[in-house]
Amino acid sequence: MARSWWGWGNVEDAVRGAELDALLARARALAPGELTGHEPPDVGSLGVPATRLAPPPSLAGLCSADPADRAAHAHGKAFRDVARNLLGDLPHAPDLVARPRDERDVADLLDWCSGDRVAVIPYGGGSSVVGGIEPRFADGRPAVTIDLTRLDRVLEVDPVSRAARIQAGVLGPHLEDQLRPHGLTLRHFPQSFEFSTLGGWLATRAGGHFATLNTHIDDLVESMRVVTPSGVAESRRLPGSGAGPSPDRLFLGSEGALGIITEAWMRLRERPRWRAKASVRFADYAAAVAATRAVAQSGLNPANCRLLDAAEALVNAGVAVDGGVLVLAFESADHPVRASLDRAVELCRDHGGEAPDEPADSDPASDRWRSSFLRMPYQRDALARHALIVETFETSCTWDGFDRLHRAVTAAARDAIRDVAGDGVVACRFTHVYPDGPAPYFTVYAPGRWGAMVAQWDGIKTAVSEAIAAHGGTITHHHAVGRDHRPWYDRQRPGPFGAALTAAKAALDPAGVLNPGVLVPAP
């Protein structure tokens with residue numbers, strides 16, 4: 001398989017043929033327009049500037065100055081990144097891509113870059129959607145992207161405690177392949193699973209498979225090892241500790257600005273044996289939200305509890321419904337889960353939900369939505385090539401504030417779409433739910449203008465982000481801060497914490513070379 005340099009995933013898996021025809025037919029119904037196709041530029045035609053760096057001879061074998069390699073590491077995978085790639089707009093390609101073989105190589109690369117004041121961008125699978133891996137600096141300094149995917153092994157398994165010591169550069173599928181012979185699984189499946197790494201999940205506090213309970217990678221961490229310019233930080237392996245602030249919490253979500261995560265002990269579980277699922281339809285969206293809250297607060301803890309509003313249900317599950325569809329699933333390695341599903345469905349019926357009396361092993365609506373979920377990034381790229389803006393905005397809020405936030409974000413998105421594109425659709429689903437609130441995930445479909453899509457995206461992004469910030473939501477629930485969310489993150493975090501984070505950055509990275517501009521202002 002060949003990775004796409006400009007868009008998502010593998011070239012061989014791109015949307016084409018009958019799938020593309022069907023996708024464009026749905027797109028015309030959502031956002032009428034010409035939808036003329038455009039081919040991505042050949043990577044050899046991009047004119048990537050010559051590198052400004054020459055690594056020390058001892059590190060030269062780890063480093064690539066190949067223009068195609070640098071172009072593939074220049075951007076993440078947000079719509080904004082894809083749109084710029086399609087136009088051949090790569091003003092911030094790294095000067096070198098380094099691939100360390102082990103932790104010693106990581107430390108040596110950091111020593112060189114710190115001494116020469118060269119920016120360092122830690123890189124896992126490259127799936128960032130917030131500008132977190134783009135060497136976009138106000139001072140235009142040279143940069144080295146440190147690609148960690150050679151550090152890809154499960155080093156040790158503790159079957160008694162059900163944990164494993166795992167290198168940070170391992171991609172999701174390879175990680176699970178190494179755990180499978182032990183009958184164990186990390187069971188952390190973000191949408192980017194196939195093309196993202198353990199280190200990337202940790203550095204961005206990624207949300208994963210479970211819609212309740214262990215929703216973030218944070219919940220699965222036992223200890224971490226991080227290489228910083230000031231030394232190696234390794235926390236003690238423990239199930240829990242009350243000894244001061246958690247050292248792991250300092251580096252979880254640090255996005256490579258404080259150090260480079262090289263390995264971690266992760267909590268595992270047995271692979272599930274029992275599963276049960278169903279989808280519940282609602283005629284009224286408010287009732288669907290109330291039912292979802294009831295399930296979230298019931299203590300049943302479903303593995304999947306994702307509410308699709310009417311637009312999301314129609315576009316991605318093929319279900320025409322007035323209120324929405326709640327996709328439920330339970331799983332266990334220890335016991336049957338049908339009784340838990342039955343009780344969740346009963347709670348939904350108390351709020352007017354409709355579901356089959358006998359849930360089957362295969363539920364058409366949830367199966368279609370899961371299939372669409374896995375294809376969404378490829379479909380987004382296909383639509384971007386046809387000048388259709390398809391982007392997502394995610395947040396979380398308390399249940400009592402959801403209605404206000406939902407109205408405000410939907411209105412802001414529609415107004416912005418009208419201003420920059422004329423027409424479009426806004427959909428919403430819950431990706432994760434907690435007893436005290438949901439994580440709404442908004443999707444925008446709007447006609448773009450070839451060559452102007454980045455400016456159009458910026459207008460919609462700003463309007464939605466302002467609405468989220470003004471109505472009590474977080475600027476990101478699971479996509480990290482990066483550079484695109486920094487203006488709102490600076491306003492969201494408490495002032496004293498911002499000062500402490502800046503001080504921690506100065507202590508761990510005195511030369512200020514680690515991912516400058518992410519989380520805190522560049523020195």
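Let's start with Tyr441, which counts as buried because its relative accessibility is 5%, where buried means under 20% relative accessible area, exposed over 50%, and partly exposed in between, with a 1.4 Å probe and protein chains only. This is a predicted model, in which local features need pLDDT of at least 70 and side-chain atom pairs count only at pLDDT 80 or more, while totals for chains, interfaces and linings use all residues. Residues are numbered from 1 along each chain as its sequence is written, and side-chain values use heavy atoms, with hydrogens and water left out.

Where does Tyr441 sit? Its place is strand β17, residues 437–447; helices (H or I, at least four residues) and strands (E, at least two) are DSSP runs numbered from the N terminus. UniProt, in an unreviewed entry, lists Tyr441 under "active site". Keep in mind that UniProt positions are given in the numbering used here, feature names are shortened, and annotations may be inferred rather than shown by experiment.

Now its surroundings. Leaving out residues up to four places away in sequence, Tyr441 touches Gln191, Thr392, Phe393, Glu394, Ala427, Cys428, Arg429, Thr431, His478 and His479, with contact taken as heavy atoms within 4.5 Å. With Thr392, the side chain of Tyr441 makes a polar contact of 3.2 Å. A polar contact is a pair of N or O atoms within 3.5 Å; within protein, one must be able to donate a hydrogen and the other to accept it, and residues adjacent in sequence count only if both atoms are side-chain atoms.

Is His478 buried or exposed? It is buried, because its relative accessible area is 11%. The side chains of His478 and His477 are joined by a polar contact of 2.8 Å. Beyond four places in sequence, the residues that His478 touches include Thr204, Arg205, His216, Glu394, His432 and Tyr441.

Next, the empty space. Rolling a probe the size of a water molecule over the atoms shows where empty space is left. The grid here is 1 Å over the protein atoms alone: a cavity is a set of points where a 1.4 Å probe fits but cannot get out, a pocket is an open set with protein on both sides within 12 Å along at least five of seven lines, and lining residues have an atom within 4 Å of a point. Grid points are joined across faces, edges and corners, and a volume is the space filled by probe spheres set on the points.

The second largest pocket has a volume of about 640 Å³. Of the 27 residues lining it, the closest to its centre are Arg205, Leu252, Gly253, Val481 and Tyr489. Helices α7 (247–251), α14 (486–492) and α15 (495–508) each supply at least two lining residues, and α15 gives the most, with 3. By class, this lining divides into 11 nonpolar, 11 polar and 5 charged residues; Ala, Val, Leu, Ile, Met, Phe, Trp, Tyr, Cys and Pro count as nonpolar, Asp, Glu, Lys and Arg as charged, and the others, Gly among them, as polar.

How many cavities of 30 Å³ or more does the structure hold? There is 1. The largest cavity is lined by Arg165, Ser223, Met224, Arg225, Glu234, Glu263, Ala264 and Trp265. Strands β8 (221–228) and β10 (260–267) are the elements giving two or more residues to that lining, which has 3 nonpolar, 1 polar and 4 charged residues.

Two helices to finish. After α3 comes Gly88, with a positive phi near 70°.

In α9, residues 310–317, the buried residues are Glu312, Ala313, Val315, Asn316 and Ala317. They pack against α1, β13 (304–309), β14 (324–332), α11, β16 (425–434) and β17. At the start of α9, a side-chain oxygen of Asp309 comes within 3.2 Å of the backbone nitrogen of Ala311. Just after α9, Gly318 has a positive phi of about 65°.

One last stop: Arg52, in the loop between α1 (17–30) and β1 (63–64). A polar atom of the Arg52 side chain lies 2.8 Å from the backbone oxygen of Gly140, and the backbone oxygen of Arg141 lies 3.4 Å from a polar atom of that side chain. Thanks, everyone!
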